[in-house]
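Here are my notes, point by point, for you to read with the model open beside you. Have a look at the whole chain before you zoom in.

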Amino acid sequence: MKLDPDDGEQIMEYFKTHALLSREKALLQASVRDQKKLLVENAKLKKDIEQLRNQLFFDFLTTYSLYIITSLSKTTLRTITSLSAVLPLSARALLSPAPPPASLSSTSTTPVNQPASPAEALAAVPTNPHPPSTFSQDRRDRQTRPSSDLLSLGAEPRVDVSRLDLRVGRILSVRRHPLAETMSIQEVDMGENAPRTVVSKLGGKIHLEELQGGLVVLLCNVKACKMRGVASQARLLCCSTSDDCIELLAAPMGSTPGDRVTFLNYPGDPDRELPSKQRVWELLQPDLQVDSRGVANYKGCGFEVKGKGLCRAPSLTNCIIR
């Protein structure tokens with residue numbers, strides 16, 4: 001029986017697609033296994049770090065408390081010694097323990113209406129208790145400052161890839177920038193009400209007609225900025241080994257515009273807009289790479305569109321993402 005050439009081509013195309021999907025599935029399963037193993041190790045390390053941190057904090061508070069108590073004891077002793085040397089004998093009785101009370105049966109040798117002696121009158125004058133309490137209050141204030149400073153260490157915002165709003169987009173049209181030979185302007189469908197305009201420096205490095213209709217990955221929560229008079233509303237992610245060898249990072253097959261790219265080891269919601277002063281993108285970019293299998297990753301954790309696969313470089317391996 002003879003096969004129609006068109007049927008043969010369709011069969012071959014089916015087998016190619018099936019083989020490609022099988023390879024993709026195997027790679028994804030291997031990546032998931034590695035990520036689960038890393039999650040377990042990370043959880044154990046976090047627990048050990050938390051225990052060490054608590055122990056260090058407790059040791060610090062204990063040492064600082066002993067230091068404060070010792071300092072207060074020495075200061076109080078010096079104060080009592082200096083007062084004892086300056087005050088008269090009658091006033092020193094205030095600093096010494098009170099004598100036991102006399103029994104009711106003993107007779108008083110001083111008449112009731114007889115005025116007290118000058119020494120007894122001086123001893124009856126109360127001293128001002130405020131300076132010691134003020135001094136101890138200052139010490140307590142100093143003691144509480146280090147703990148508040150330590151607690152403030154955890155208030156710093158996180159800097160990891162979960163702060164980036166990475167999404168899949170489809171390039172609807174592409175044209176050269178009218179004012180710059182090395183720039184191009186793309187209209188990209190992001191699954192929103194209207195496409196976004198993106199300006200990139202790909203004019204002289206990629207055949208622009210090949211970009212149209214492709215699924216790409218974009219950084220969407222950067223602040224919009226004008227590039228040679230045209231406002232750019234997102235950033236195209238590309239991979240490169242040099243300035244002359246550049247490819248756009250490709251989303252997995254079956255992705256739709258607007259799908260979010262996530263990272264298994266770094267959950268969390270992205271920033272509404274990346275603060276320009278914190279330079280989050282510049283801090284994270286050195287860890288955004290393509291591995292030897294062509295998979296895009298951050299610190300070994302793959303760029304994943306849930307249920308659809310991993311983001312890849314079309315042909316490059318072991319290169320950076322920018």
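1. Most residues other than glycine have a negative phi. Lys299 also has a phi near 55°, again positive in a residue other than glycine, and you'll find Lys299 in the loop between β11 (296-298) and β12 (301-302).

2. A word on where this comes from. This is a predicted model, in which local features need pLDDT of at least 70 and side-chain atom pairs count only at pLDDT 80 or more, while totals for chains, interfaces and linings use all residues. Residues are numbered from 1 along each chain as its sequence is written, and side-chain values use heavy atoms, with hydrogens and water left out.

3. Now the overall picture. The chain has 5 helices and 15 strands. Of its 322 residues, 30% are buried; buried means under 20% relative accessible area, exposed over 50%, and partly exposed in between (1.4 Å probe, protein chains only). The accessible surface comes to about 21,800 Å², and carbon and sulfur atoms hold 58% of that. Such areas come from the Shrake-Rupley method with a 1.4 Å probe, and for residues only the protein chains shown count as cover. As for contacts (heavy atoms within 4.5 Å), take those between residues at least 6 apart in sequence: 68% of them join residues at least 24 apart.

4. Which strands make up the open sheet, and in what order? There are 6 strands, running β9-β8-β15-β10-β11-β12, with antiparallel pairing. The edge strands are β9 (245-248) and β12, each of which pairs on one side only. Two strands pair if DSSP finds at least two bridges between them. Strand β8 (residues 238-242) and β9 have 4 bridges, in the antiparallel sense. Look for Ser242, which stands opposite Cys245 in β9.

5. Next, go to Ser200, in strand β3 (residues 196-200). Is Ser200 buried or exposed? Ser200 counts as buried because its relative accessible area is 8%. Its side chain makes a polar contact of 3.0 Å with the side chain of Gln186. (A polar contact is a pair of N or O atoms within 3.5 Å; within protein, one must be able to donate a hydrogen and the other to accept it, and residues adjacent in sequence count only if both atoms are side-chain atoms.) Beyond its neighbours within four places in sequence, Ser200 touches Thr182, Met183, Ser184, Gln186 and Leu236.

6. Leu284 is another one to click on, in helix α5 (residues 280-284). Its relative accessible area is 2%, so Leu284 is buried. Setting aside neighbours within four places in sequence, its contacts are Val159, Asp160, Val161, Leu164 and Tyr298. Leu284 and Arg163 are 121 residues apart in sequence, yet 9.9 Å apart in space, C-alpha to C-alpha.

7. On to charges. The structure holds 8 salt bridges, a salt bridge being a side-chain nitrogen of Lys or Arg within 4 Å of a carboxyl oxygen of Asp or Glu. Arg167 forms one with Glu192, the closest N and O atoms being 3.4 Å apart. That pair links distant parts of the chain: Arg167 is in strand β1 (residues 166-176), and Glu192, 25 residues away, is in the loop between β2 (184-189) and β3. Arg167 counts as buried at 15% relative accessibility, whereas Glu192 is partly exposed at 33%.

8. Two further bridges deserve a look. Arg158 and Asp160 meet through their side chains (3.8 Å, N to O); Arg158 is partly exposed at 37%, while Asp160 is buried at 14%. Asp291 pairs with Arg293, with the closest N and O atoms 3.7 Å apart. Finally, salt bridges that share partners join Asp165, Arg167, Glu192 and Arg196 into one network.

Terms used:
Helix = DSSP H or I, 4+ residues; strand = E, 2+ residues; numbered from the N terminus.
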